[in-house]
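The sequence and structure come next.

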Amino acid sequence: MRLLEEQIKQAILHPDLPVRTLALQYFSRSYSEDTTVMPLVINVVEKHGRELSISFIRESASLPQTETTIEWCMEELRQNLVINNENSDDYRYAYALSKVLTHADPLLTRNRELEILGLPGFLPELGTAFSERIHLFAEDSGSLWNKLIDFCERENEKLYLSEMDLPHAYRLVEALGHGGSIVADQVLLMLNENVDYSENSPRTLMQGFILRLAGELRLTTAVPSLIEALKEDDEWFNEESQRALIRIGGEDIVKALSDEFPTAEWHFRLYGSGVLEQLHTDLVTQKCIELFEEESDETIITQLGQAALSHFSTEAIEPVRLFIRNNEIDPEILDLRESLISVSTVLDVEFSEYEEWKKDNEEVEALRRKLYPEKYGNIFSISNDLIADLEEDTDDSAIDTFTQPAYFPNTIIRQEARIGRNDPCPCGSGKKYKKCCLNNSN
């Protein structure tokens, strides 16, 4: 049985933070268009207080807003917040709210641009992104398209994606996503071209944005091309394809991924698992469990386990429980165990290890610190103080592509090792980089 979405919404109000976070992520990470979710977030903030809700607010930045929720954020930023210390709770809370307003539909904020920019708590460093989104939405598609082409021709000379102004390019792509059929036809045309993903060229760089734009347009006809791009062994193109497939959604994607999965390379299975985690259909839980039971790679198994649990289905509990019980605990399995307890709590399902694992989860961060060097070794020389600083926002969502630079893909020459988003976080927390310090790395 898969929990109804209305029931998952109620879990956002659960007294346990891991439970309500997992419930919120069900909506925030699947690009939900449900405007009734943000009011529940506000309810949580008002009940539990600002300090305990910072990561919760940051997670909600991708949720759709309304005039009422926009006004609430603005009212919070009118309060007496001290934002001159980046390590303070006030600063982090103001950043989270400013991020929500920056990501909000420009149709809701364009008439209040100057008012929002003038709020005492709105962080000036987000002002450029906030205003540019509003102004780009007013431009015609032809102008936006030319700006994106110019960006690729100009920025391609740089060695790293992290040196490019990718947030600006992503804002161009987002605005183009409102361009309708003319833009959609051009995207499909370019997706069907033969592109050498290993080549450094403006056209190859453009392809990453085209993949993203297919998602912004929710082009179901682009799905076969996106599946093919997911087969390329390149993190940037993989992530753009993953993001687009999640935005488009539907059971056709679940079937296509499931058909390719058994014989696909490791990177395809990794990113494909991420897609299956966020596509909430009746079919996907069944496919996640089937693939979970057939998989042999431990990392992919844990990803599929997380995907199966993310749909709040009773059928996922027993196979995931058996896997955790039969394997030595490590940071990835610890994350999986935490999700299992949260889902089981919401579904009111108990098993023999439930109470023991739930109690252990209450001290989960200390356990992660112990398990991390045991699995990965002390490969990073970082002080305990720095680890503590970096762990503050361990539940933030994926990288804020509107306001921060991204990492660089394999197609861009690099002179030093990179940290992939699915690699262990260098802070030593034991979580994946994308689930821990990626948002703080810039």
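In this predicted model, helix α3 meets helix α5 through M38, P39, I42, V45 and E46 on the α3 side and T69, W72 and C73 on the α5 side. Helix α5 covers residues 67-77, and its axis lies 10 Å from that of α3, at an angle of about 30 degrees. Because angles under 35 degrees count as roughly parallel, α3 is roughly parallel to α5. The crossing of α3 past α5 is left-handed.

Two further helix pairs can be described in the same terms. Helix α6 (residues 89-103) and helix α9 (residues 127-136) have axes that come within 9 Å and cross at roughly 15 degrees. That angle makes α6 roughly parallel to α9. Here too the handedness is defined: α6 passes α9 in a left-handed crossing. The residues in contact are L101, T102 and H103 from α6, and A129, F130 and R133 from α9.

Helix α17 (residues 266-278) packs against helix α19 (residues 298-309) at an angle of about 10 degrees, with the axes 8 Å apart. This makes α17 roughly parallel to α19. On α17 the contacting residues are W266, R269, L270, S273, L276 and E277; on α19 they are T299, I300, Q303, L304, Q306 and A307.

The aromatic side chains come next. How many aromatic pairs does the structure hold? There are 10 aromatic pairs. In one of them, F351 and W357 have ring centres 5.8 Å apart and planes at 65 degrees to each other, an edge-to-face arrangement. The edge-to-face label applies because the angle between the planes is over 60 degrees. Both partners fall under the 20% limit for buried residues: F351 has a relative accessible area of 14%, and W357 is at 7%.

Elsewhere, F151, Y170, F209, W236 and F237 form one aromatic cluster. Y170 also has a charged neighbour, since the charged end of R212 sits over the ring of Y170, 3.7 Å from the ring centre.

Y31 lies in the loop between α2 (17-28) and α3 (37-48). Its backbone has a positive phi of about 55 degrees, although Y31 is not a glycine. With a relative accessibility of 21%, Y31 counts as partly exposed.

D348 likewise has a positive phi, about 60 degrees, without being a glycine. This residue is in the loop between α21 (331-347) and α22 (354-361). Is D348 buried or exposed? At 65% relative accessibility, D348 counts as exposed, because the limit for that class is over 50%.

S352 is also placed in the loop between α21 and α22. The relative accessible area of S352 is 67%, so this residue is exposed. Its C-alpha atom is 9.9 Å from that of R321, a residue 31 places away along the chain.

P120 belongs to the loop between α8 (113-117) and α9. P120 is exposed, with a relative accessible area of 53%. Which residues does P120 touch, not counting residues up to four places away in sequence? They are L77, R78 and I83. Between P120 and L77, which are 43 residues apart along the chain, the C-alpha separation is 6.3 Å.

S258 sits in helix α16 (residues 251-260). Its relative accessible area of 8% makes S258 buried. Leaving out residues up to four places away in sequence, S258 touches K287 and L291.

The table lists accessibility for residues discussed above.

| Residue | Relative accessible area | Class |
|---|---|---|
| W357 | 7% | buried |
| S258 | 8% | buried |
| F351 | 14% | buried |
| Y31 | 21% | partly exposed |
| P120 | 53% | exposed |
| D348 | 65% | exposed |
| S352 | 67% | exposed |

Key:
Residues are numbered from 1 along each chain as its sequence is written. This is a predicted model: local features need pLDDT of at least 70, side-chain atom pairs count only at pLDDT 80 or more; totals for chains, interfaces and linings use all residues. Side-chain values use heavy atoms; hydrogens and water are left out. Rings of Phe, Tyr and Trp (its six-membered ring) pair if their centres lie within 6.5 Å; planes under 30 degrees apart count as stacked, over 60 as edge-to-face and the rest as tilted. Buried means under 20% relative accessible area, exposed over 50%, partly exposed in between (1.4 Å probe, protein chains only). A charge sits over a ring if NZ of Lys or CZ of Arg is within 6 Å of the ring centre and within 35 degrees of the ring normal. Helices (H or I, at least four residues) and strands (E, at least two) are DSSP runs, numbered from the N terminus. Axes are lines fitted to C-alpha atoms, for helices over the stretch in contact, and angles run from 0 to 180 degrees between N-to-C directions. Angles under 35 degrees count as roughly parallel, over 145 as roughly antiparallel, 65 to 115 as roughly perpendicular and the rest as oblique. A crossing is left-handed if the near helix is turned anticlockwise from the far one by less than a right angle, and right-handed if clockwise. Contact means heavy atoms within 4.5 Å.
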